[in-house]
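Here is a short tour of a protein model, written for someone new to reading structures. Take a look at the picture first, and then we'll walk through a few spots together.

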Amino acid sequence: MVALKIENVWKYYGDTVAVRDLNLECDDGEFVCMLGPSGCGKSSTMRMLAGLEHISSGDILLGDRRINDLAPKDRDIAMVFENYALYPHKTVAENIGNPLRLAKVAKHEIRKRVQEAADLLEIGHLLDRKPMELSGGQKQRVAIGRVIVRQPQIYLFDEPIAHLDAKLRARMRSELKHLQQHLGVTTVYVTHDQLEALSMADRIAVMHEGVLQQFGTPAEIYSNPVNAWVAGFVGEPAMNLIACSCAQEGNAVNLMHDGFKITLDDRLAKAALSSGERDLRLGVRPENVRLTADPDDGMIAGTVFSRQLLGSDMLVDVLSGGDHIRVRTDPKSPFEADEKCYVSFDFDHAHLFSAETGISIV
Amino acid sequence: MLIEAKTSFVTVDEDHDYAARTIDYEPENRNTAPRRRFHLYLMLPAIITLAAITIYPFFWLIYMSLHKIVIGGADRWVGLKNYAGLLTDEKNIQGWLMLAKYSGLCLSFEILVGVLLAVILNNSRFEKVLVTLVLMPMMMSPVVAGLLWYYLYNGTFGWYHWLFQSLGLLGETSILADYGSALWGVVIVDIWQWTPLITLIALAGLKRVPRDQVEAHMVDGAGPIRNFFAISLPNIYPFLLIGILLRFMDNFRFIDHILAMTGGGPGNSTRILPVYLFDVSFQFFKLGRGAAIAFTLLAVTIILGMILVRVFENPAQKKALANQKD
């Protein structure tokens, strides 16, 4: 249980840069998610932490120990792999106890700790089975068991629940979160699923194309994304990002779009003016868009393109001026496809991004 | 014919005996007696060919082993006399012992060196080139390999003879001329020629060792050697079994290089059973006695092969192998 520090870490594969100048600090006992699409460098970073990949440059420190040149076995880390990586010729008990056996822990002690870990994960009755006799969820628990049976300095999770079905995934999210809080071990968790990151992490590191985009609490990432890419990646359904041009008319600051023209409120107008950018992207989450049948001042006219029932909500896709605007609304929403409708934005929760750089203006 | 009948039975006159029979025919019912007979007819050419090339010679071998074969004359029934003779034939018994020693030495060295080479070659920098080089001995005809080494061992101009002698490992006599070292001489050739096969098989197995298991084991706290024994070896085990089986059967059958190098000598020091079998049958033309030796050799090969498979193959590994194929 120590803090983890990643300092100016680069990773090259030949000429390809996988990780670009990464700096990250995880506090003692913190649950940090590395979030990003495939190929963003999150897995490379995790593999460098585990010692499975050479660090091209920079330092990784566990506590005050530099671990760059240590072999995986000397790093005192435990890792759950995406495909569980269980040993098929060993029983569940042997799988879980393997790290202890390699550490030459006494046999009765191994048995005791394996039993404890298995009980914690509710797989105590499976100890004599072989991995191929287990279901996906059970295999996953065994893989976690192999990790928690030790008291390492840091846990690494590499998309551990990506292959489970949706229902089980939801349950494992809450269990993993609970387990991590209970054990209090610093944890780095890699995932491409923003929902996993938002629901479990203390802090999220969003990565894209090898670059760390934003590092903050889930609430920060969700409500104050630093750029349009983070804004679009985090949140489901994704944030509306509408390209507009900004123009001042008298006192009012307007956003011009092929389908509409809207006047910004003071907060957004001030930011738009001070940025000096002309081409902007308006970012509004679907839950911050209102949908009505009757037109009112400053509303945007459009037609319903499609509607999807999400259970507790209805997602309505409105087409306006060639752009799709996603609206999260009441499941009893009466709008049908091709129907005319009007939308308005909640400016208190809206964002403006530079169209050129994608950086958040407000 | 039946298929034709099936499609056209509507138009066939129902009074006709043949048509009446085929009307009962259900397309779903594939295992009816006429259908099965029809299948048998289709397979008959293959069965006859197979019988001619394997089954007939096999029974002819048994026939020979029970007779005194007189070339150009009538064969005389001797019952189990040929077999009984083997029990008191000292050269036969010695041939068996020598065969066991020869096969044991070849196999153990080939497995050890072969797996070691495979581990070294796997993911090495010039893997493709090196594997091709390593495989070269295997592509050579065994007789040629035997002759090649015969010259390398030669007491007057043999390169290896000179090398070993300079190192003080060898006296004046050449390797193949010495009673003590001649068997080693032929064993080395077999190892040289057939280790690549084991390397190839082990390499194929190593390629299929799941990387995440190796990595998980490293993170669990294992070094490379433990990693090999705990993860790689159980994974390549089924592949190695095939290699062991192939090589063990070859050792019991292939004597090309021995015939080319020593012909069983000096004395009887390289006269392993198959060589003795060759001598009895084709040097002394005691075909009946030879057939008896051949039959016992065949029986022992089959039995040992079956035991090998039983002992080495356990169900878990079989399943693990099947899982890998997914």
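How many bridges join strand β12 of chain A to β13(A)? There are 3, and the two strands run antiparallel. Strand β12 covers residues 252–256 of chain A. In this pairing, N254(A) stands opposite T263(A) in β13(A). Two strands count as paired if DSSP finds at least two bridges between them. Strands (E, at least two residues) and helices (H or I, at least four) are DSSP runs, numbered from the N terminus.

Before going further, some ground rules: this is a predicted model, where local features need pLDDT of at least 70, side-chain atom pairs count only at pLDDT 80 or more, and totals for chains, interfaces and linings use all residues. Residues are numbered from 1 along each chain as its sequence is written, chains are lettered from A and ligands numbered from 1 in the order in which they are written, and side-chain values use heavy atoms, leaving out hydrogens and water.

Back to chain A: 5 strands make an open sheet there, in the order β13-β12-β11-β14-β20, with antiparallel pairing. At its edges sit β13 (261–263) and β20 (351–354) of chain A, each pairing on one side only.

T187(A) is buried, with a relative accessible area of 0%; buried means under 20%, exposed over 50% and partly exposed in between (1.4 Å probe, protein chains only). Leaving aside neighbours within four places in sequence, T187(A) is in contact with residues including E30(A), F31(A) and Y155(A). Contact here means heavy atoms within 4.5 Å.

| Partner of T187(A) | Distance |
|---|---|
| Q180(A), side chain (polar contact) | 3.5 Å |

What about chain B? Its secondary structure comes to 15 helices and 2 strands, and buried residues make up 41% of its 326 residues. Among chain B contacts between residues at least 6 apart in sequence, 64% join residues at least 24 apart. Over residues 96–308 of chain B, the chain is 77% helix and 0% strand.

Methods
A polar contact is a pair of N or O atoms within 3.5 Å; within protein, one must be able to donate a hydrogen and the other to accept it, and residues adjacent in sequence count only if both atoms are side-chain atoms.
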